[in-house]
Amino acid sequence: MCTGCTGSHLGHDQESSALSRRTAIAGAVAGTLAASATLSAAPADAAEPAFPHHSHKGPGLDLVLLGTQAGPPVESSRKGIASALVVDGSTYVVDCGRSAVSQYVEAGLKLSSIEGIFVTHLHHDHVADYFNFFLLGGNVPNTRGDSLPSSVEVYGPGPAGGLPGAHDGTRPPLIHPDNPAPGLLDLTNSCMDAYAYSSNIFMLSGAVSDLRSRVKVNEIALPGIDASYQNTAPVMRPFRVMEDDKVRVTAVLVPHGPVFPSFAFRFDTDHGSVTFSGDTTYTPNISTLARNCDVLVHEALNIQGFQGPPGLLENLRSHHVEVQKVGPIAQEAGASHLVLSHIGDLAEGTLDERKWRHWAQEGYDGTVTVGRDLQRFTRRRRRSGA
């Protein structure tokens, strides 16, 4: 059931979601899984792992880093930021950066297994491939006979409510001035409109069904806190976004420059807990959300040695966390495993994984992994007596 959301089924009246829920997932998970489950990943120095085409059926938890690049430049070494969490065969996508759909299929994940898509914020590097999940994966089965379910729940930011002032005090001509700060629902509707000709032609030919019936957008309603585009991430307690029989998803607001709303998400399951920081600078909200989680997937940036103008450096610090300072965040949260994603090195052309791992380990007692595209982390319950 979605709680804390305002939703709209595109082209249809809003429908209630009566999803069942196993009891007592949250709370007992963090304290009991250390003895009952294992977390494994490809060694950090190993070659990038290859993934067979399978559906990840069966009990367990898989975290797949579909893309790990920070920012909008197109690079060949890493794809845009996107992750997938597979829980007992059901998949939850977190952010949809460049090439997310292709990476999803490359990872061997089934489009038909998608239960939900979660968007942390509406910067284009996080939503570049969002609509492609529906446009390319929604109607025509691929060569494996796979396509999206008949309806997919999407969760993400609502309208910002306003824009910040310009950095130089002036106001450039705005794009779409009648609605300059739209939320996820307007973004989705605008994509539907932009592809109307293609969709209509295919529908008239009988080849596809109406995409509008496949997307159910839930703009996340904020709890009663003093938050706005002028106060983007006050100190707060996590609040529930949705819950079904596989996961319980909670969120907090995080500071990412002037962007609002910008979310971090936590997924609690019977097999473990995973927290995604989204894009953020320093905030106690992350440590609160990620308290005692099994895996913290956190963004990081290296600007040490970067010879940029002071204004740019200050701007970067107001949007992101430096890799040299991410360890204490994971330590304060009590996270067992820190996985770096949405990573970028502005000082060096090639990211040095060993150096990054050393930086991130400072002030942190747990395990550090510098994430790679298509890297997968698996958690399985041990059999009794094993």
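How much space lies in the largest cavity? About 120 Å³ lies there. The structure described here is a predicted model.

Across the whole structure, a search finds two cavities of 30 Å³ or more. The lining of the largest cavity is made up of 15 residues. Those that lie nearest the centre of this cavity are Ile81, Asp95, Phe276, Gly278 and Val297.

Four strands each supply at least two residues of this lining: β4 (82-87), β5 (90-96), β13 (295-302) and β14 (337-345). Strand β13 gives the most, with three residues.

## Aromatic pairs

The count of aromatic pairs comes to 10. In one of them, the ring centres of Phe118 and Tyr155 are 4.8 Å apart and the planes stand at 15°, so the pair is stacked, the limit for stacking being under 30 degrees. Phe118 belongs to strand β6 (residues 114-118) and Tyr155 to strand β7 (residues 152-156), so this pair ties together parts that are 37 residues apart in sequence. Phe118 counts as buried because its relative accessibility is 0%, and Tyr155 counts as buried at 2% relative accessibility.

Phe267 and Phe276 form another pair, with ring centres 5.8 Å apart and planes at 85°, so the arrangement is edge-to-face. Both Phe267 and Phe276 are buried. Phe276 is also one of the residues nearest the centre of the largest cavity. One aromatic cluster is formed by Tyr92, Phe118, Tyr155, Phe239, Phe263, Phe265, Phe267 and Phe276.

## Salt bridges

The whole structure contains 11 salt bridges. Among them is the bridge between Arg376 and Asp62, whose closest N and O atoms are 3.7 Å apart. This pair links distant parts of the chain, since Arg376 is in strand β16 (residues 375-381) and Asp62 in strand β3 (residues 61-67), 314 residues apart. Asp62 has a relative accessible area of 2% and is buried.

Glu243 and Arg240 also form a salt bridge, with 2.6 Å between the closest N and O atoms. Glu243 is buried, at a relative accessible area of 13%, whereas Arg240 is partly exposed, at 36% relative accessibility. Arg240, Glu243 and Arg248 are linked in a network of salt bridges. A further salt bridge joins Lys325 to Glu322, the closest N and O atoms lying 3.5 Å apart. Here Lys325 is partly exposed, with a relative accessible area of 43%, and Glu322 counts as buried at 12% relative accessibility.

How values were computed. Residues numbered from 1 in each chain as written. Predicted model: local features only at pLDDT ≥ 70, side-chain atom pairs only at ≥ 80, totals over all residues. Heavy atoms only, no water. 1 Å grid on protein atoms, 1.4 Å probe; cavity = no way out; pocket = protein on both sides within 12 Å on 5 of 7 lines; lining within 4 Å. Points joined across faces, edges and corners; volume = space filled by probe spheres on them. Phe/Tyr/Trp six-rings, centres within 6.5 Å; stacked < 30°, edge-to-face > 60°. Buried < 20%, exposed > 50% of the residue type's maximum accessible area, 1.4 Å probe, protein only. Salt bridge = Lys/Arg side-chain N within 4 Å of Asp/Glu carboxyl O.
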